[in-house]
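Here are my notes on the cavities and on one strand. Please keep the structure open as you read.

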Amino acid sequence: MSVAVGIGLTNECNLACPHCYRPTLMKQRLSVPEVETILDNLDVGSVNLGVGENGVHPEYREMLALLARRDVKTAITSNGYSLNMLTDEELSAFHSIELSFDFPTKEEMDEFRGKGAWEMAIESLERCQALGVPTSVAAVMMNTNYGRMEEVARFAAGLGCDLRVNVYQPVADEEFTLSYEQFWQGFANLFAAGPVVVCSEPLVNAIMGLETTRGNPCGQRSIRALPAGTITPCPYWPAAAARIPHLADTGQSIWDRPEFEKSRHLPKACEPCRFAESCAGGCASRRALRDRLDEPDEYCPVVRGEDEVRRVQEMLSYTLSNPEDVPKAGNACTTVIKTAGNLPA
Ligand SMILES: C[S@@+](CC[C@H](N)C(=O)[O-])C[C@H]1O[C@@H](n2cnc3c(N)ncnc32)[C@H](O)[C@@H]1O
């Protein structure tokens, strides 16, 4: 089975965004041999570079050249820094590029990410587009922007980009955590903005019967190599499943390691649920981060009763787009909305 591997070459970043999950206590970097070990031992269908700002790694360009030599479809999530430093030829080698925007205006974005963040992202996005590299906008849904999802989508549409949204994960703290109501209202806003290409946020996928994915990507097809040299089922997973050299040890498949098994764990209370197969207990990382792996996802409406399920289902109205070749579609809990060509800017 070919897998989409998330790789973080470094945890370093040129910015210090307040919501970010990257560890900051010490500098962590993957080496070229570690990346080679990943490519040699996993059936890598595609790679997405994330975690820190990958261009800060001193061997970033060598790593890109390695991925290109191995014919790996490579995508990157960036604030622009790792893109601005590349030649046109290097940029054009990306299969797709995602620029992070958390807010639809320059003022809000610069206040959140730091002065100049907006311009850096816009400039590199426009350069990628001029080169014909597929681009999209990535946003994190937080308690500070969940009501602005339509505006963010409109902004992405204005740039000719689809929008990918991830729910804020309380890795470092709870400052931006969505309440139950905000979570569902945020998805209602998002779905109002355009057709859904994919929604692998398991709970939403299941409740809406979207069927664009089945179950939780964690531990099945999502695998991450973090800058600390560790392998985890998800970037937010609180413990390492193994170290990278373990991939070369054929004794035990990485997918059978205890942390991967835990990420597939269905909470006892979810066993009788009619959505158990498609939801698989919701986001396992969210449950693990809160030390509640064996409890239903905190955003689950089923535990609140059938009236609540109906209310949530009625709140959300959506249309489906044809699932396309979005590299990250299957490798994390994510939602992609097709805004390009759908919304007036
Ligand atoms: C960690 S950053 C790394 C790449 C780059 N520095 C950037 O800003 O895109 C990758 C993506 O993760 C998002 N992100 C950061 N912290 C998050 C969190 N706690 N929960 C969900 N997504 C988060 C960022 O907003 C960004 O879109």
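Which residue in E4 is the bridge partner of Ser78? The partner is Leu99.

1. Ground rules. This is a predicted model, where local features need pLDDT of at least 70, side-chain atom pairs count only at pLDDT 80 or more, and totals for chains, interfaces and linings use all residues. Residues are numbered from 1 along each chain as its sequence is written, and side-chain values use heavy atoms, with hydrogens and water left out.

2. Strand E4. E4 covers residues 96-100. Strands here are DSSP runs of E with at least two residues, numbered from the N terminus. Of the 5 residues in E4, 5 are buried (buried means under 20% relative accessible area with a 1.4 Å probe, protein chains only).

3. Two faces. In a regular strand, side chains alternate between the two faces of the sheet. On one side of E4 sit Ser96, Glu98 and Ser100. Ile97 and Leu99 sit on the other. Both faces are covered.

4. Neighbours. E3 and E4 run parallel and are joined by 4 bridges. E4 and E5 also run parallel, with 4 bridges between them. Two strands pair if DSSP finds at least two bridges between them. Glu98 has Ser136, in E5, as its bridge partner.

5. Cavities. The whole structure holds 4 cavities of 30 Å³ or more. A cavity is a set of points, on a 1 Å grid over the protein atoms alone, where a 1.4 Å probe fits but cannot get out; lining residues have an atom within 4 Å of a point. Grid points are joined across faces, edges and corners, and a volume is the space filled by probe spheres set on the points.

6. The largest cavity. Its volume is about 610 Å³. The lining has 34 residues, and the closest to the centre are Tyr21, Val51, Thr77, Ser100 and Val140. Strands E3 (73-78), E5 (135-141) and E6 (162-167) each supply at least two lining residues. E6 gives the largest share, 4 residues. The lining divides into 16 nonpolar, 11 polar and 7 charged residues. Ala, Val, Leu, Ile, Met, Phe, Trp, Tyr, Cys and Pro count as nonpolar, Asp, Glu, Lys and Arg as charged, and the others, Gly among them, as polar.

7. The second largest cavity. Its volume is about 80 Å³. Among its 13 lining residues, Gln169, Cys234, Tyr236, Ala332 and Cys333 lie nearest the centre. E6 and E8 (222-225) each supply at least two. The lining divides into 8 nonpolar, 4 polar and 1 charged.

Definitions and conventions
1 Å grid on protein atoms, 1.4 Å probe; cavity = no way out; pocket = protein on both sides within 12 Å on 5 of 7 lines; lining within 4 Å. Buried < 20%, exposed > 50% of the residue type's maximum accessible area, 1.4 Å probe, protein only.
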